[in-house]
Amino acid sequence: MSTRRRVPRWASTLLRVVVSGSVLAFLVVRAQPGQIWQAWRAIDLPLLGLALLMQLAGLAISAAKWGVLLAAQGRRQPLRWLFGAYLVGQFVGNVLPTTIGGDAVRAVQLGRRIGSYGEAGASIFLERLTGFLALSLIANAALAAGVLVSGGAALATTPALTLLALALGLGALAALGVALAAPWLQRALGPRLPRPLQAPLARAAEVLAAYTPRGRRLALVLLMSLLFQSLWVALHAVCGLALGIHAPLLLYALMVPLTDMLGLVPIFVNNLGARELIFTLYLGQLGVAPAGALALAFLVFSVKLVVSLLGGLVMALGGADIRAARAAVEPPAPQS
């Protein structure tokens, strides 16, 4: 009897490294490294400090939103702990050379505290989903504004990226609808599934529906998501000003969400390559040299990286056990 072989995790990781590295190498060589360094030497340090503070504030907003979702189910957690867990997740996802995702580490930490990894995962899924929904709303609003305000000339974009923004926006709305209707879908479709899957999926649907916000709480969570994503867009604009790049905020409102959306394609490492490609494409429309666009992309990534290092301090003080997280999220090796 043959068994289906899974693609080794190292192989998918290697593919992502090769793709990101190739795209980066091509763009850097074309832009000339010396010119990128010259752009970096002119960074306005006070504006760089402001960008770092904005990144910290954004993470605090996300942690507070996570707390709102948990409090709705009587799983209230201290904001200080949620913020620390968020920093650890950022550190693991952005700094450590590990295949464990930052969200998986957060799920393990929270699951231990509340005694349910399922509920922990559901809260993080909804926290991420509402953030992505807000991101897609900003992107599509920017697309619409570009057409209505300027006839599309100032925000020229490729049809593929326009379709990406529309498709992912609709996908986020559909995912939220599925989460809201999870129990009904489970009752309608569950009996048709294989018997071993019925009980686990019923429990998953119950937990997912419980953590999906409704009414005023949904409005609050979406408002906090829009606040975070707007701050993330503004952070890019501040980094641009720190490099002497004067681009309209509307351009950032389109460019930044599209960058994060393209980075979801599982061929990039930490958005590297996707970010630089989009920045070069859009800022080039304003006459910004490729070196300036890449300097901005590297600066934004550096801001994110520096703030993520705080998660390493939290870990050093006992905020997370990566070995335990690996054991919790990685499946056992298949038996021969």
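Mentor: Helix axes are lines fitted to C-alpha atoms over the stretch in contact, with angles from 0 to 180 degrees between N-to-C directions. The axes of helix α2 (residues 33-41) and helix α13 (residues 290-316) come within 8 Å and cross at roughly 60°. The crossing of α2 past α13 is right-handed, the near helix being turned clockwise from the far one by less than a right angle.

This is a predicted model, in which local features need pLDDT of at least 70 and side-chain atom pairs 80 or more, while totals use all residues. Numbering starts from 1 along each chain, and side-chain values use heavy atoms, without hydrogens or water.

As for the setting, the chain has 14 helices and zero strands (DSSP runs of H or I of at least four residues, or of E of at least two). Of its 336 residues, 43% are buried (under 20% relative accessible area with a 1.4 Å probe; exposed is over 50%, partly exposed in between).

Salt bridges (a Lys or Arg side-chain nitrogen within 4 Å of an Asp or Glu carboxyl oxygen) number five. In one of them, Arg-106 pairs with Asp-103 at 2.9 Å; both lie in helix α5 (residues 102-114), three residues apart. Arg-106 counts as buried because its relative accessibility is 1%, whereas Asp-103, at 27%, counts as partly exposed. Asp-103 also meets Arg-128 at 3.0 Å, linking helix α5 to helix α6 (residues 117-150) across 25 residues. At 39%, Arg-128 counts as partly exposed. Shared partners join Asp-103, Arg-106, Glu-127 and Arg-128 into one network.
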